[in-house]
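These are my notebook entries on what I looked up in the model shown here. I record each topic under its own heading.

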There are 2 protein chains.
Amino acid sequence: MPEGGGAVRAHHHATVSSVMHGVLVSDRLGELLEELRPFEESLDYDSNEACLIRHLCRVREKEMRVPAQLRQALAFGASESYPVWVEARRTSNFDLLRPYLERGVELRRRYAGCFDVADPYDALLDDFEPGLKTAEVEAVFDRLKGELPQLVAEASAALVDDSLLDGSFAVEPQQQLQAALLGRFGFREGTWRIDVALHPFAASLATSDIRLTTHYPPNRFSVFAAMHEAGHAIYEHNIDPALERTPLCVGASAGIHESQSRLFENIVGRSLAWWRWAYPQVQRLFTEQFGAVPLEDFHRAINNVQPSLIRITADETTYSLHIILRFELERELLAGTLAVADLPAAWNERMRDYLGVEVPDDADGVLQDPHWCGEFGTFPAYALGNVISVQLWDRAFADLPDLEARLEEGDLAPLTGWLRDHLWRLGRKFTAGETLERAVGSGLDPEPYLRYLRGKVAALSP
Amino acid sequence: MPEGGGAVRAHHHATVSSVMHGVLVSDRLGELLEELRPFEESLDYDSNEACLIRHLCRVREKEMRVPAQLRQALAFGASESYPVWVEARRTSNFDLLRPYLERGVELRRRYAGCFDVADPYDALLDDFEPGLKTAEVEAVFDRLKGELPQLVAEASAALVDDSLLDGSFAVEPQQQLQAALLGRFGFREGTWRIDVALHPFAASLATSDIRLTTHYPPNRFSVFAAMHEAGHAIYEHNIDPALERTPLCVGASAGIHESQSRLFENIVGRSLAWWRWAYPQVQRLFTEQFGAVPLEDFHRAINNVQPSLIRITADETTYSLHIILRFELERELLAGTLAVADLPAAWNERMRDYLGVEVPDDADGVLQDPHWCGEFGTFPAYALGNVISVQLWDRAFADLPDLEARLEEGDLAPLTGWLRDHLWRLGRKFTAGETLERAVGSGLDPEPYLRYLRGKVAALSP
């Protein structure tokens, strides 16, 4: 979208939201769902129809509790505050955004108040992770917080030279490389396209209409955004076509979606096995930059661990700490134990505690992300994605003993086949917890992720 | 859109149509419009509010007459027959499409039957040219038909060598040339983007969110699709922003829209004045192909008149005859004086009569256009666009005596300024006829177009 389209787009969004709200809370839908209740009870729990009826009942029940006026205030608050955030970040001036955040927190308190929940944050979290409770997230994050800072300290002491990733990278060979990598995902011909975007994203208009975006950074080697978005895209591409044009034809939750992008960006995309296959192509396309660089040095560079200010460029070991910090601040804001005015100081203090990083200004601190303009409760998904990605990988690895050997041949088919069968095809038929249970046989578990990071840090140490 | 997205997109379209239908025929909208009647009568006829109320009353009144079931049958007929047309054209097999066309004609007869109209074709035409009558179109087309064949015969006797436009054309210099040409239209920064499409089109999501598409033909010089689409795009870009997010924020009619694309593609885009400015850039970017070709030869080549089989590649002199043929066949099908089974023969006969062209097969004849899958009544717009484009040009020329001199400097600002003030800003506030009257002070008039073509043919003769 051209920049100038933003204001009208916000209105389009509000219109569609309001049409959806109207349908969801309509008496007619209520009557139909009431009529379908005995039918649902007669069906197998796993049948598409039963899942669809359950889902609609659940979504309608939630929507009925939210006054239309509050819905509208939340939508307008988001579109109103976004340009203010852009300006606040540009000028590193938190005070500009402060009143909007205060209003946003207040609206979210009222939103949480619409629901019978043990913790007000549960109401926000449930919009992104259907069925998941704040206490479950807290338990996972506490475990991570207990181990990650020490792991980061060890790993960052290794002093890896990643400057070999800097340089000048022409667009055309980057396109060729990305095409070769994405070509391994198994997107069906004629059902997807790739374009360039400033902030890459993936979107699916149908399982057979997948839109990927990427970028071609001119001064630093990176295919990781492309691998990340391909992970999101291949997930929705492989939802059971029988769910097409139903509200179940999306990923199960934000966290599970993120687990797919992380799995391909990090577990596959920063593995030695994958680059054994892919690195010769990098060397061929960028001979000047990498012709004389051994695979092992390249692999070490793309896995360098260094605490830093900015979430979106953080490595996979420090990343979750950026999220835990945001989760804690969100909860305190919502509970009223932290005032918006005190947010920058709290941010800076926690960055020092968790990552040992001094924040020089709010633009690179509390103002770095746009999320708080419109979304509270979505940050946990990013760290849960890390955790879940390794749970899935371990499970696939147990089922497919030759997984690594196939990766070394650039063959993703065993992995994508496993993910399709155990996760992707399900779409949003089940809650986040049910979906995970079906795929890996257990609930959220941070241990595989910690084991993975420990192993990686040990292997990369000189 | 990737090819694979078509089937689901058809359902999306049908859903949006049905939501729109529901809003238009709702009692609530009826009550609101009834309530607003005295307000409308108190307003100036030209005020935005009065125009909006009039427009909604008009559209609602039409929509109320069409049974929801017929609406749906028309929508599904279109999406159902499109892939059949693709296959029928590929195999040049009219019989494949025949039953779908028969059903389509029958549905359109029923549609026309919903309205009190003098001529059943009036009902179809009105959807594309609000307020225009078939008899008015017929009068214009009869006049064109009386003169064009003779003019085509004269012009095509000139035996212009346009093979100098063939060759090998790299994408990058084409991009540079198109960027230079489109840069003269005055699109506001940050409000538009350009992408590549197989069949170029222009779309506006808002006056500040304009999407242009183009192509870069590898084997023949052409900037005409880009100029054509830029004409469509700049029109909607300049609608009064006060009309944003109302149904008036679109072009006045299909024919008036087409007049803008034709004006920039042909009157400007094939004029000697424009190429006096632009041709040196062509010679610089494509030195090998055009370095030794004088401007006059290039100009003659891009204006070559030759009767041919295919509408979309027809020159501006023969073009309208392709349309008149379709208009006549559509009317006869609707009236029942021509059976669908006899359509290919009727097509071929008229191609011989009007253009002196023998049709070798249906793929290059009656099956060449997709329109009859979903649209009857839109073809006249293409020829009306030619007619109107010259009416507007003559009027602008009368008001702006230095128009040609400015074109020779690549300066489109006087022309675009005039069009904005006299046409573009109005959007769909008025009917097609009212809009034309306001812009040029008269109704449809084929004489300026015929004078323009005669002048051009005379000037290009050796």
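I take helices (H or I, at least four residues) and strands (E, at least two) as DSSP runs, numbered from the N terminus. I note that this is a predicted model, in which local features need pLDDT of at least 70 and side-chain atom pairs count only at pLDDT 80 or more, while totals for chains, interfaces and linings use all residues. Residues are numbered from 1 along each chain as its sequence is written, and chains are lettered from A and ligands numbered from 1 in the order in which they are written.

**Entry 1: chain A as a whole**

I found 21 helices and three strands in chain A. Its radius of gyration (taken over C-alpha atoms) is 22 Å, close to the 23 Å that the globule rule gives for 462 residues, so chain A is as compact as a globular protein of that length. The globule rule is 2.2 Å times the number of residues to the power 0.38. The C-alpha trace of chain A spans about 70 × 50 × 45 Å along its principal axes. Of the 462 residues in chain A, 38% are buried. A residue is buried if 20 or more other C-beta atoms lie within 10 Å of its own, exposed if 12 or fewer, and partly exposed in between, with C-beta atoms placed from the backbone.

**Entry 2: loop residues of chain A**

I looked up Arg245(A) in the loop between H9 and H10 of chain A. Its phi is positive, about 65 degrees, although Arg245(A) is not a glycine. Most residues other than glycine have a negative phi. Arg245(A) is partly exposed, because 14 other C-beta atoms lie within 10 Å.

I then turned to Ser92(A), which lies in the loop between helix H4 (68-91) and helix H5 (94-113) of chain A. The phi of Ser92(A) is also positive, near 50 degrees. Ser92(A) is partly exposed, with 14 other C-beta atoms within 10 Å.

**Entry 3: H9 and H10 of chain A**

At what angle do H9(A) and H10(A) pack? Helix H9 (residues 224-237) and helix H10 (residues 254-268) of chain A pack at about 135 degrees, with their axes 7 Å apart. Axes are lines fitted to C-alpha atoms, for helices over the stretch in contact, and angles run from 0 to 180 degrees between N-to-C directions. That angle makes H9(A) oblique to H10(A); angles under 35 degrees count as roughly parallel, over 145 as roughly antiparallel, 65 to 115 as roughly perpendicular and the rest as oblique. The residues of this contact (C-beta atoms, placed from the backbone, within 7 Å) include Phe224(A) and Tyr235(A) of H9(A) and Leu263(A) and Phe264(A) of H10(A).

**Entry 4: H8 and H9 of chain B**

In chain B, helix H8 (residues 171-182) and helix H9 (residues 224-237) pack at about 35 degrees, with their axes 10 Å apart. Gln178(B), Leu181(B) and Leu182(B) of H8(B) meet Ala226(B), Met227(B) and Ala230(B) of H9(B) in this contact.

**Entry 5: chain A against chain B**

I counted 18 residues from chain A and 19 residues from chain B in the contact. On the side of chain A that touches chain B, helix H1 (6-25), strand E1 (192-196) and strand E2 (202-206) each supply at least two residues. H1(A) gives the largest share, three residues.

Note on methods
Contact = placed C-beta atoms within 7 Å.
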